[in-house]
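Student: I would like to learn how to read a structure feature by feature, with the general idea stated before the particular case. Could we work through one together?

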Amino acid sequence: MDAAKERRPSGGDGGLRSAVVVNPVKVADLDDLRRTVNDALAAAGWPEPQWFETTVDDPGRDQTEQAVKAGVDLVFACGGDGTVMSCVSGLVGTDVALAVLPQGTGNLLAANLGLSTDMAAGLQVAIERGRRLLDVGAVEDRYFTVMAGMGFDAQMLAATSEATKARIGWPAYVMGAARHLRDRPMRVQIRIDDRPPVRRRARSVLIANVGRLQGGVRLLTEAEPDDGWLDIAVLTPRNLRHWLALGWAVIRRNGRVPQMEVFRGRRVVVTSNRAQPRELDGDLIAPSRRLRAEVRHQALWLCVPQPEEAPDLAVDAQRAGERGEQLIEEARRE
């Protein structure tokens, strides 16, 4: 880890150079957001950030790469899961850190940070310069920080409307999930590293770097974001009773979850008997019979509110949010 620390964003004694990559569709008042962020950073002694807006055709990766080329130290991703994932893809392997200003209702990385939709906490965590060098998962030419999935989890996302998410938040996913509980399973072959393939009749296969789901529910208690491993969860419920038992065990944080097997590896190839919906960090990607992922160890600097050695990214986020709210109030009074 000593060599990795040499890549830590510096910035000297002054404020860091930053950029905001924002999805304008997710923001109710873009002018107010711009004022809030600019004023809070100015109050902390930072220069005014560069601003980049995403588009349907360009959801954030190119804008992030432009910011990196412009010499920024930090990129704020302001939007939902798709915006964050696009920013991650533009930052992997660079010295530039990512900070999350979540605007979507189901932002998975924010849930694992414990920030929910707390703008103040996102700003304060960045300003306090807490950093952690994380692993990411690579799928084709894209990356994920939390998890990739094939099957039921992607079906659930596809069945959940943006309007319902905006109205009731993450519980909207429960309604989407209910529509697919009785769907037939897929036949999958799972090859992990160089081991013999595992064959299962599964409803979902999740490849995780961090263990929390929508709503902050922790599915994989052993998943750590910087250990060089991917945790693979194979969900095999066959009826409604199995789903209820699985869900209850996850909510109660039981050591063993029925109808779920967990494996670990650095390279994973999941092949289904038919094309399946797929997702990365809560954002749908093109359906396919195959999902191939591999870990990129310590590839992303992330702004976090807790000590580097803490296993859970959500430590101390509430107090960071309180400090951030105070900073914003002071900036507005000036």
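Student: Which residues of helix 2 are buried?

Tutor: The general idea is that an α-helix has 3.6 residues a turn, so residues three or four places apart point the same way. In this model, which is a predicted one, the buried residues of helix 2 are Leu-33, Thr-36, Val-37, Asn-38, Ala-40 and Leu-41.

Student: How far apart are the end C-alpha atoms of helix 2, and what span should its residues give?

Tutor: Helix 2 covers residues 30–43, and its 14 residues, at 1.5 Å a residue, should span 20 Å.

Student: What is found at the N-terminal end of helix 2, and what comes just after the helix?

Tutor: The N-terminal end of helix 2 is capped by Asp-29, which places a side-chain oxygen 3.2 Å from the backbone nitrogen of Asp-31. Just after the helix comes Gly-45, whose phi is positive, at about 85°.

Student: Let us turn to a strand. Which side chains of strand 11 lie on one side and which on the other, and are they buried or exposed?

Tutor: In a regular strand the side chains alternate between the two faces of the sheet. For strand 11, residues 230–235, one side carries Leu-230, Ile-232 and Val-234 and the other carries Asp-231, Ala-233 and Leu-235, and all of these are buried, so that both faces are covered. Counted along the strand, six of its six residues are buried.

Student: Which strands pair with strand 11, and in what sense?

Tutor: Strand 10 (residues 204–208) pairs with strand 11 in the antiparallel sense over five bridges, and in this pairing Ile-207 has Ile-232 of strand 11 as its bridge partner. Strand 12 (residues 260–265) also pairs with strand 11 in the antiparallel sense, over six bridges, and there the bridge partner of Ala-233 is Val-262 of strand 12.

Student: Where is Thr-236 found, and what is it in contact with?

Tutor: Thr-236 sits in the loop between strand 11 and helix 10 (240–252). Its relative accessible area is 16%, and it therefore counts as buried, the cut-off being under 20%. Once its neighbours within four places in sequence are left aside, Thr-236 is in contact with Arg-201, Ala-202 and Gln-259.

Student: Where does Asp-193 lie, and is it buried or exposed?

Tutor: Asp-193 lies in the loop between strand 8 (186–192) and strand 9 (198–202), and a relative accessible area of 18% makes it a buried residue. Its side chain is joined to that of Arg-195 by a polar contact of 3.5 Å, while a polar atom of the Asp-193 side chain lies 3.0 Å from the backbone nitrogen of Arg-266. Apart from neighbours within four places in sequence, the residues in contact with Asp-193 are Trp-229, Gly-265, Arg-266 and Arg-267.

Student: What do the totals for the protein come to?

Tutor: The secondary structure comes to 11 helices and 14 strands, and 55% of the 334 residues count as buried. Among contacts with a separation of 6 or more, 71% are between residues 24 or more positions apart. The accessible surface is about 14,900 Å², and carbon and sulfur atoms account for 48% of this area.

Technical notes
Residues are numbered from 1 along each chain as its sequence is written. This is a predicted model: local features need pLDDT of at least 70, side-chain atom pairs count only at pLDDT 80 or more; totals for chains, interfaces and linings use all residues. Side-chain values use heavy atoms; hydrogens and water are left out. Helices (H or I, at least four residues) and strands (E, at least two) are DSSP runs, numbered from the N terminus. The expected span of a helix is 1.5 Å times one less than its number of residues. Buried means under 20% relative accessible area, exposed over 50%, partly exposed in between (1.4 Å probe, protein chains only). A polar contact is a pair of N or O atoms within 3.5 Å; within protein, one must be able to donate a hydrogen and the other to accept it, and residues adjacent in sequence count only if both atoms are side-chain atoms. Contact means heavy atoms within 4.5 Å. Accessible areas come from the Shrake-Rupley method with a 1.4 Å probe; for residues, only the protein chains shown count as cover. Two strands pair if DSSP finds at least two bridges between them.
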